[in-house]
Structures are given as C-alpha cells and as structure tokens.
Amino acid sequence: MNSVASGGSSSSLFGGVFAASSAVRHAFTGSQKTLWTSDTCLLSFSPSGTGGNLTMFATSSILWGSLSESFTYDSPVSTISPSNIPVMTQQGLRSSIFGKDFGTYSVCGASGAGSTVSESTLWLSDSVLQSRIAVGVGSTKLVSVSIGRLVDSLSQAMSFDSPQITSIRNLAENSTILAESINAGSYDSSTKMRIGHTSCRFTRWVSDSSVLCGLPSELPVKMMVVITASQQLGTFIAFTS
C-alpha cells in the first residue's frame, strides 16, 4: 500500500474479528480516519508522513495485529536551482531542491551532489528543501535526496564552474610555468595541463588559484595552454618571448 506524503490515501485491511471501534495505525501514527465495513475488512485513510516499509497495526478492543513492511509513502521527485555553482565559496552556496512529498513537517532529510553529502539540508515545505552544497569540482553531478528510508535522485542535475587560467608566469630557472587560475579545485582532482597537444612534463596542483606545469622541450611562438580538472577544461593563449 502506498500514499502521498500529505496523507489521505485509502487502504483496505483484511483480517478477522474487526469490531466497529477498531482503529488503524501506520507505524506510530494513527490513521486520519478508520471505517469499519465488516468483521473482516477495515478502510483506513493514511496520515501525513514519510518513509518506506512501514508496519501497519490494527486494534480491536484489547486485541491487535500487525503487518510488517506493508506501507510506504511516495519518494520525492527533485529538481535543483541553480544548476551550476562556483567551485569555491566562503560560506557555502545554498541551492533549492524542488519536488514533492518531502513531508508535511521537518524530517531528518539529507541531500548530496555526486558522492558527497551536503554540508546541511533545511526542510522548508512539502516541495522545497534548501541544501548547502559542499565545495567540489566536475560537471553533470547527480543530486540525491533522502527522506526517511526513501531515496530519489536526478542525474546530470548540476555542475561546478569550469577551471580558467587568468595569467601565465614563466619560472625560467627550471623550465616551469605557473598558471594563475580560478576554479582549479579545492583539492587535487587529477588536474592536468598541456601546451597545445603536448602534455606538460609534470603538472602539480598548488591551490585553487595556481597550478605548476613543467614545459615540454619545444615551444611554439604562440601557444594554447589547456588546464583540465575533473573532466572540465579551460584555455589560455600565451606568447613565448
């Protein structure tokens, strides 16, 4: 049996020895209304709630019975705005996740982007959650929401800003250039650099704003410097002296 989070869905319970005063509970919450139809059938209207695989209880006078993992609420359906956020944020960026069946009251919900759990998730209403996305890198991240035991996800829902090179400094003493950048990531995410089609002899991530590149042996007069971080790339045109 299944219900929307706002409740009110009807379910028929079949058994025996049901009295006119019988009542039904969904886990720990009583039904909105229980109608006795016969000594073998009760009609129950679900309360609002969240979760899955809940146990239903029926009481008749001093007798009671239960049916485990017999009831669930709808999974949330989510979209996210904004769908693209900066790699680095001082206070973290709050994104709104829209959907339905997030519950009619604040529940222990959680959200995340990719395989990283959000720093915090705030319940606002049955259709909106506010999530503080953790810093990261990459594009087409899956966004997931869990409410109770229910989990829903939306693939390719968000991305972080692509890396960009803002300037190049030549460290001539060891044939190395320092690429001053933004969005290179808050950690080394297999960052790579190349000059045109030739990979740097080595690439060393220093910070979100700087990456070192060991220059190949031969350089063109005009060169395109390419940086790649977590499958996202940025380019910069430079001239050799």
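1. Of the contacts in the chain between residues at least 6 apart in sequence, 52% join residues that are at least 24 apart. This figure, like the others in this note, refers to a predicted model.

2. As to secondary structure, the chain has 25 strands and zero helices. Buried residues account for 39% of the 241 residues in the chain, while the accessible surface of the chain comes to about 12,600 Å², with 53% of that area belonging to carbon and sulfur atoms.

3. The largest nonpolar core consists of 14 residues, and those with the most contacts inside this core are Ile-165, Ile-177, Met-193, Ile-195, Cys-213, Val-225 and Ile-227. At least two residues of this core come from each of strand E19 (176-182), strand E20 (192-195), strand E23 (210-214) and strand E24 (222-229), and it is E24 that gives the most, with three residues.

4. Met-193 deserves a separate look within this core. When residues up to four places away in sequence are not counted, Met-193 touches, among others, Ile-165, Ile-177, Cys-213, Val-225 and Ile-227, each of which is also listed with those having the most contacts inside the core. The residues touched by Met-193 also include Ser-199, Cys-200 and Thr-203, as well as Ala-179, Val-211, Leu-212 and Val-226.

5. A further point concerns Ser-131, which lies in strand E15 (residues 128-133). Is Ser-131 buried or exposed? Ser-131 counts as buried because its relative accessible area is 0%, where buried means under 20%. The side chain of Ser-131 makes a polar contact with the side chain of Ser-118, at 2.7 Å.

Conventions: Residues numbered from 1 in each chain as written. Predicted model: local features only at pLDDT ≥ 70, side-chain atom pairs only at ≥ 80, totals over all residues. Heavy atoms only, no water. Core = buried A, V, L, I, M, F, W, Y, C linked by side-chain atoms within 4.5 Å. Buried < 20%, exposed > 50% of the residue type's maximum accessible area, 1.4 Å probe, protein only. Helix = DSSP H or I, 4+ residues; strand = E, 2+ residues; numbered from the N terminus. Contact = heavy atoms within 4.5 Å. Polar contact = N/O pair within 3.5 Å; in protein donor to acceptor, adjacent residues only side chain to side chain. Areas by Shrake-Rupley, 256 points an atom, 1.4 Å probe, with all protein chains shown as cover.
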